[in-house]
Amino acid sequence: MSSEQPLPALHLHTYFRSSCAARLRIALNLKNLPYTTSYVNLLKGEQHSAEHKQLNPSGTVPVLVITSKDPNGAETSFSIGQSIAALEYLEEITANTTDNLNLLPPVTDVKTRAQIRTLVQIMASDIQPVTNLRIQKRVSALGADNTAWARELMQDGFRALETVLKDTAGEYCVGDGLSLADVCLVPAVWAALRIGVELREYPVLERVWGRLEELEAVKKAHWKRQGDTPEELRG
């Protein structure tokens with residue numbers, strides 16, 4: 001999509017404590033993309049409603065709904081119910097614009113793109129799923145300590161992250177530029193801190209995360225500052 005074409009309207013279905021939804025909030029803020037929001041209360045099971053499952057059959061958040069107009073003014077919409085796919089979509093629609101931050105390097109820089117995607121997949125595939133509410137409930141139903149179980153598996157994932165980051169990190173996860181890896185790292189750390197993971201065991205990761213926490217786009221996306229954050233959890 002060229003900079004001369006208007007960008008589509010973006011609407012995010014989110015939940016304040018969802019790590020996957022936070023990825024989208026951070027990316028949208030970093031890229032300075034306007035969007036509207038609907039809140040889906042996971043604890044009340046709103047993700048399982050027929051209306052929500054029409055948008056995302058998986059019954060999860062986030063869902064990014066994209067609405068465009070054709071040359072005749074007719075609107076068409078579609079939804080993306082997976083956060084990494086939505087992040088990649090945002091990269092593609094802003095790739096040729098001059099006023100939106102790129103979170104992937106040019107396609108010719110295949111090594112750096114692969115490094116970023118490797119980190120993203122460690123977080124999306126190895127770390128985040130163990131904190132998913134649906135998984136947590138099933139582990140608890142088996143009689144296990146779901147928090148201890150998640151903490152142990154997250155520590156495994158963080159050790160892998162730390163090893164890769166020792167080779168790739170500069171100011172941020174991969175070199176000195178912000179990337180999709182940074183967008184995914186922040187919510188992973190937020191989730192880890194809530195269940196007692198000690199960051200001092202991962203000094204490179206902790207350093208990068210500390211730098212990211214200072215960004216206004218990240219502060220704005222924090223789970224304590226969302227419209228659906230309960231009053232007692234705000235800060």
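1. Which residue just after α7 takes a positive phi? Gly 196 does, with a phi of about 90°. Please keep in mind that this is a predicted model, where local features need pLDDT of at least 70, side-chain atom pairs count only at pLDDT 80 or more, and totals for chains, interfaces and linings use all residues. Residues are numbered from 1 along each chain as its sequence is written, and side-chain values use heavy atoms, with hydrogens and water left out.

2. Now look at α7 itself, residues 180-194. Helices here are DSSP runs (H or I, at least four residues), as strands are (E, at least two), numbered from the N terminus. Of the 15 residues in α7, 13 are buried (under 20% relative accessible area; exposed is over 50%, partly exposed in between, with a 1.4 Å probe and protein chains only).

3. Asn 32 sits in the loop between α1 (19-30) and β2 (36-39). Its phi is near 60°, a positive value in a residue other than glycine. Asn 32 counts as exposed because its relative accessibility is 60%.

4. The peptide bond from Val 61 to Pro 62 is cis, with omega near 5°.

Methods:
The expected span of a helix is 1.5 Å times one less than its number of residues.
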